Amino acid sequence: MSDTARGPAISIAGARKVYTVFPRAQRIAVDDVTLDVPRGAIHGLLGPNGAGKTTTLKMLLGLVRPTGGTFAVLGVDSRSRAGRAHVGFLPEQPYFPPQLTAAQAMRLYARLSGVPEREIAARTGELLERVGLEGRASTTLSAFSRGMLQRLGIAQAIVSRPSVVVLDEPASGLDPLGQRDVRNLMMQLRDDGATVLLSSHQLSEAETVCDRVSIMSRGRVAAEGPIAELLNVAGRTAIRVAGLPAGLPASVASVAADVVDSAGLIRFSVDDGEVRRAIDAVYDAGGAVVEVEPKRESLEDYFTRMLANEKGEVA
Amino acid sequence: MRRLSAIAGAVFLDAIKRRVVLAVLFFAAVLAFSAPSLPSYGAGVDVGVYREVALSLTFAASIILALALSANRIPSEIERRTVYNVTAKPVSRWEYVVGTWIGITAVMAAVIAAFTVVDQAVGLIRYGQPMWQLWQGALAIWMETGVLTAFAVAVSAVTGPVVVAVATLTFAFIGHSRQPVLVSYPAFPGWLYPSLDSFNVINPVAHGTGIGVVYVGLMALVFAGWVAALLALGSLGFMRRDL
C-alpha cells in the first residue's frame, strides 16, 4: 500500500499566515497550526471569530497563499489542482451567480469538478433532492433564500463525490430542520468513507457529529483531541432521575452538584465514589434513574473557560 | 478546455440576462432608428454618413457595455465569495481569468451582432441598401472591445471596479491618440506606443470600399497579441492574490 493510501486524509504542518498591512505593520492570522485528520473522520475546527479557522481552510484549499507550512490531502499537495480534485468545499455563506438556475449552477460546478458529462443531469437531480431542493432545478438563484443557497452550496461541494469535504459554517442560515439535515448529511458522508473537516461556531453541532476537534484561538491550536477527552470531567458522573416530586433525597442533595430540575427530570453530578449510594437513595425514595454517564462539560463551557484563561494570561 | 468552456458558459449565461445588456441594446436601437432623421443631416442624408454614425454608435455602446460587464465581474465575485466555488475546485487561476474574458467577449459578440442587424435593417428600410460592409466594422469593433475587455479583466484581477473603469477608459483614449502624441513627443519610440488604431476602420467601411482580407488578418494578429499579453498579466496578478 502506498503512503498516499495509508496517511491521514488531511495533513497541515506548521501553517502560518502573516498579512502585511500598509506600510510595514504585520498581523499574524495563523501561527504554526498543525493538524492531522484521519480518513473517515469528522473533525471539528472550532474557535471564536478571528481565531484563524477560515484562513487555515483557505490556505488548505489554495485560496490564500501561506507564509509558511505544508498542506496535503490524501498525500497530495492540497494547493495543487490534483490535490483540490479530492476536495469538496462549502464556503461560509455561499453565493452564486444570481442569473443562473440551480441546474445551471450545478452543471457548472460538476463540469469544473470533472464529473463526466453523461452523469451530470442524474447527479444534479439526486443531489438537489438530497439537500431538500427537489423541484427547484429551474428556479433562478436570485429567487433563492439564504437557506436555499446554503443547501445548494452543500450540493455543489459534494457533486464529485470527493474523498474530503471541507465545510465552513454549514448550518449558517438554516432553520433547525435544515441544521438537522446537515448533521445527518455529514454523518452519511462519513459512513460513505469521506472525511469531513468542519469549521463551526455552532458548538452543539460539533459536539453531536465530530469525532475529534481542534480548538483555535488567536491563530493557534489551543487544544485538540476527541471531544470526550476534552470535555469529560475526571472523577465525576452525571445522573438523570425522574419521579421525585419532592426533589432529591437529602442524602443525595448533600453530595450533588450542578443540580437542574426540568419538568420533573432532575440532572445532577456526584463524585464517582458516590454513584452507587446516590442511585440506591433515589430508588429508596421512589424515583427512577433515567441516565448515568461520565460528567461532560459542555463545549460552550469549555470554550468560555479556555478564553477566560487566555485573557487572564494576557492580563 | 472543458473547464474554460464551463466558466465561459456560466459567465455568458449570467451576463446576457442582465438588464444592462437589454437597456444598452434598446437605446442603441432607438438611436439607430433616429439617426437618419437627425436635424444636422436634413433631407437626403448621405448613406456614408449614416454608416459612420451607425458604427460610431455601435462602438460607443459596446465600450459602455464591455465596461459594465467586465469592470466589476471579478471584484464582485470576490466580494460575494462566488469565486470560492470555482477556485476551490481543480481549476487554475488563469482558467478563471481567461474563462471570464471569453464569456464576456461572447456576450459582446452577440450584442454587436444585434446592433449590426438593427443598423442593417434601418439602412435597408431608409436607403434600400443591405450595407453588408457594416459587418467589417462590427468585426473590428468586437476585436477592439475584446482587447479593452481583456484590459479590464486583467486590471480587475488585482483591484476594484472604479480603478478598472478609469484605467480602461484611459487605455482606450491613449490607444487612439498615437498620432498626436508622437507629433508632440517626437523622441518617443513609435513602435513602443500601445496603439489601438488598427481597429479603427470606420472611415474605409463608411465612406470607402471596406477592408481587405489581409487587413482583417493583421487586425486579428494585433487582437490576439494584445489579448494574450493582457490576460497573461491578469492571470499572473490573480495567481498572487489572496481570495
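In chain A, the centres of domain 1 and domain 2, taken over C-alpha atoms, are 40 Å apart. Keep in mind that this is a predicted model. The domain assignment puts domain 1 of chain A at 3-229 and domain 2 of chain A at 234-299.

Let me stay with chain A and look at helix packing. Two packed helices are described by the angle between their axes and the distance between the axes. I'll take helix 4 of chain A, residues 102-113, and start with helix 5 of chain A, residues 117-130. Their axes come within 10 Å and cross at roughly 120°. That angle makes helix 4 of chain A oblique to helix 5 of chain A. The crossing is right-handed.

Which residues make this contact? From helix 4 of chain A come Ala102(A), Ala103(A), Met106(A), Arg107(A) and Ala110(A). From helix 5 of chain A come Ile120(A), Arg123(A), Thr124(A), Leu127(A) and Leu128(A). By class, the contact of these helices has 7 nonpolar, 1 polar and 2 charged residues.

Now the other partner. Helix 4 of chain A also packs with helix 6 of chain A, residues 146-157. Here the angle is about 30°, and the axes are 9 Å apart. Parallel or antiparallel? Helix 4 of chain A is roughly parallel to helix 6 of chain A, because of that angle. This crossing, too, is right-handed.

On the helix 4 side of chain A, the residues are Ala102(A), Ala105(A), Met106(A) and Tyr109(A). They meet Leu152(A), Ala155(A) and Gln156(A) of helix 6 of chain A. The class count for this contact is 6 nonpolar, 1 polar and no charged residues. Look at Ala102(A) and Met106(A) on your screen. Both are in the contact with helix 5 of chain A, and both are in the contact with helix 6 of chain A.

On to chain B. How many helices and strands are there in chain B? There are 11 helices and 0 strands. Along its principal axes, the C-alpha trace of chain B spans about 60 × 50 × 30 Å.

One helix pair in chain B. Helix 2 of chain B covers residues 19-34, and helix 3 of chain B covers residues 47-70. Their axes come within 10 Å and cross at roughly 170°. With that angle, helix 2 of chain B is roughly antiparallel to helix 3 of chain B. Again, the crossing is right-handed.

Helix 2 of chain B brings Val20(B), Val21(B), Val24(B), Ala28(B), Leu31(B) and Ala32(B). Facing them in helix 3 of chain B are Ala54(B), Leu57(B), Thr58(B), Ala61(B), Ile64(B), Leu65(B) and Ala68(B). That contact divides into 12 nonpolar, 1 polar and no charged residues.

Last, where the chains meet. In this contact, 22 residues of chain B touch 24 residues of chain A. Which elements of chain B give two or more residues to that side? They are helix 1 (2-16) and helix 5 (82-87) of chain B. Helix 1 of chain B gives the largest share, 6 residues. By class, the side of chain B that touches chain A has 9 nonpolar, 4 polar and 9 charged residues.

Technical notes: Residues are numbered from 1 along each chain as its sequence is written. Chains are lettered from A and ligands numbered from 1 in the order in which they are written. This is a predicted model: local features need pLDDT of at least 70, side-chain atom pairs count only at pLDDT 80 or more; totals for chains, interfaces and linings use all residues. Domain bounds come from an automatic or database domain assignment. Two residues are in contact if their C-beta atoms, placed from the backbone, lie within 7 Å. Helices (H or I, at least four residues) and strands (E, at least two) are DSSP runs, numbered from the N terminus. Ala, Val, Leu, Ile, Met, Phe, Trp, Tyr, Cys and Pro count as nonpolar, Asp, Glu, Lys and Arg as charged, and the others, Gly among them, as polar. Axes are lines fitted to C-alpha atoms, for helices over the stretch in contact, and angles run from 0 to 180 degrees between N-to-C directions. Angles under 35 degrees count as roughly parallel, over 145 as roughly antiparallel, 65 to 115 as roughly perpendicular and the rest as oblique. A crossing is left-handed if the near helix is turned anticlockwise from the far one by less than a right angle, and right-handed if clockwise.
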